[in-house]
Amino acid sequence: MSSIYFARNPRVAARNLGGEMMIMSGRDSTLFTLNKTATVLWQSADGKTPLDDIVNSKICVEFDVPPVDALQDATDLVRDLANHDILIVSDSPIGEPSRGSR
Amino acid sequence: MLTTEIQSLGIVIEIGAMPVQVNSESPDFLAMLRERYAGYIGSSKDPEITFDVQLGESRFPETDDSVQVTCKDGCWTFQRGDFRAEWKPSKRRGVIRQSANPYSIDAVLRIVHSLTLVKNGGFLLHSASAIRNGRAFLFSGVSEAGKTTISRLAPSDVTLLTDEISYVRKQENVYMAHGTPFTGELAKLGENVTAPVAALYFLSKGLENRIDPLSAGEATRLLLSNQLFFAEDEHLVRQVFDSAFEFVSRVPVFRLTFFPDARVWELIR
């Protein structure tokens, strides 16, 4: 499986409130609240670190889940967030610096 | 006298202390608006916005019944199946094309006010609102949550601002609730008065009357979910988002569970 790189879409507004990440789409003002796993992915979305590295170093450690299951779930989640224009996904590192999170 | 004739073909509708002049060649249409917005007819000679209403088609077949609000090159376009409007803020002028009905222009006014409020940290909210003892209280929720019910139950010392759409303007770091003519089931215009917002309640019907605190996250999420905002504009969306967080940091927000009788107002003081 090739690596997945992902970055925050700069066209969303985002804030972390008490550990809960709230995100509003700049496209249609839809509001999203990320769960803990998705929040970790959002905070790690630098466009340069591949998803499998993030899963191994953060998701598996923080949530105590097997790497294979965690990677599959994380891949589905990243693609879902990309479908909502929350994340930008690529099969190569994403050069543009991300912004939008506080 | 020509000047007098021209002046008679416009009225000023003043909601939230923002005068909007509406011009039309039809005296009957203006008379209908004068009746529709009774209590909100102003006399400003310097309106913030002037709309020329061109009466004509009742339907625009290429547009569906959802509201579309877009901005290009400084010109806003609002459209729905029953109207089309353009507004250039830099010129403070706009044009509305619709049939002679009060509903289309009402939608345009809601959109315009939602856009202008956002720029100053305010908003329109799906909520009833009322003034008691000089302080304003907002009661928000989805349809059937109880906005109209709590408005109907208000005792005589309460001044109703609206049973459907609340108008919140930020003035010198104070959130002020204004009356609106935007009505719900009660079909009664709110009083055109204003007071500082003391609290926001999210309504829930139950078997008892009680007030529970909401976390900042829950309060912000509910506030954003119940705001009226139509524009597909990244910059404004960010302002709406930030304004909601600021409002929640300054104004107490609660969940109000209520049994639908007048005793609920014993909690609102």
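V108(B) and L138(B) touch the most other members of the largest nonpolar core, which has 100 residues. A nonpolar core is here a set of buried Ala, Val, Leu, Ile, Met, Phe, Trp, Tyr and Cys residues joined through C-beta atoms within 7 Å. A residue is buried if 20 or more other C-beta atoms lie within 10 Å of its own, exposed if 12 or fewer do, and partly exposed in between, with C-beta atoms placed from the backbone. The core lies between domain 1 (2-116) and domain 2 (123-267) of chain B, because both domains give residues to it. Domain bounds come from an automatic or database domain assignment. The model is predicted; local features need pLDDT of at least 70, side-chain atom pairs count only at pLDDT 80 or more, and totals for chains, interfaces and linings use all residues. Residues are numbered from 1 along each chain as its sequence is written, and chains are lettered from A and ligands numbered from 1 in the order in which they are written.

Apart from neighbours within four places in sequence, V108(B) is in contact with F78(B), F83(B), A85(B) and I96(B), contact being defined by C-beta atoms, placed from the backbone, that lie within 7 Å of each other. In soluble globular proteins, nonpolar side chains tend to be buried together.

The centres of domain 1 and domain 2 of chain B, taken over C-alpha atoms, are separated by 26 Å. Between these domains, 16 residues of domain 1 of chain B are in contact with 16 residues of domain 2 of chain B. On the side of domain 1 that touches domain 2, the elements giving two or more residues are β5 (68-72) and α3 (102-118) of chain B. Helix α3(B) provides the largest share of that side, 5 residues. Helices (H or I, at least four residues) and strands (E, at least two) are DSSP runs, numbered from the N terminus. By class, this side of domain 1 has 10 nonpolar, 5 polar and 1 charged residues. In this classification Ala, Val, Leu, Ile, Met, Phe, Trp, Tyr, Cys and Pro count as nonpolar, Asp, Glu, Lys and Arg as charged, and the others, Gly among them, as polar.

Two loop residues of chain B are buried. F230(B) lies in the loop between β16 (227-228) and α6 of chain B and counts as buried, with 20 C-beta neighbours inside 10 Å. Not counting residues up to four places away in sequence, F230(B) touches V67(B), V69(B), I111(B) and S114(B). The C-alpha atoms of F230(B) and R110(B) are 9.6 Å apart, although 120 residues separate the two along the chain. S24(B) is found in the loop between β2 (18-23) and α2 (27-36) of chain B, and its 21 C-beta neighbours inside 10 Å class it as buried. With residues up to four places away in sequence left out, S24(B) touches L9(B), F29(B), L30(B), V53(B) and L55(B). A distance of 9.9 Å separates the C-alpha atoms of S24(B) and I96(B), which are 72 residues apart along the chain.

By contrast, D261(B), in the segment after β17 (253-258) of chain B, is exposed, with 10 other C-beta atoms within 10 Å. R92(B), in the loop between β7 (83-88) and β8 (93-98) of chain B, is partly exposed, with 14 C-beta neighbours inside 10 Å. Phi of R92(B) is near 60 degrees, a positive value in a residue other than glycine.

Between the chains, 15 residues of chain B are in contact with 14 residues of chain A. The elements that give two or more residues to the chain B side are α5 (216-226) and α6 (234-250) of chain B. That side has 7 nonpolar, 4 polar and 4 charged residues by class.

In chain A, helix α1 (residues 36-44) has A38(A), V40(A), L41(A) and W42(A) buried. These buried residues pack against β1 (5-8), β3 (20-25), β4 (31-34), α2 and α3 of chain A. The axes of α2 (residues 51-63) and α3 (residues 67-83) of chain A come within 10 Å and cross at roughly 115 degrees. Axes are lines fitted to C-alpha atoms, for helices over the stretch in contact, and angles run from 0 to 180 degrees between N-to-C directions. The contact of α2(A) with α3(A) has 9 nonpolar, 2 polar and 1 charged residues by class.
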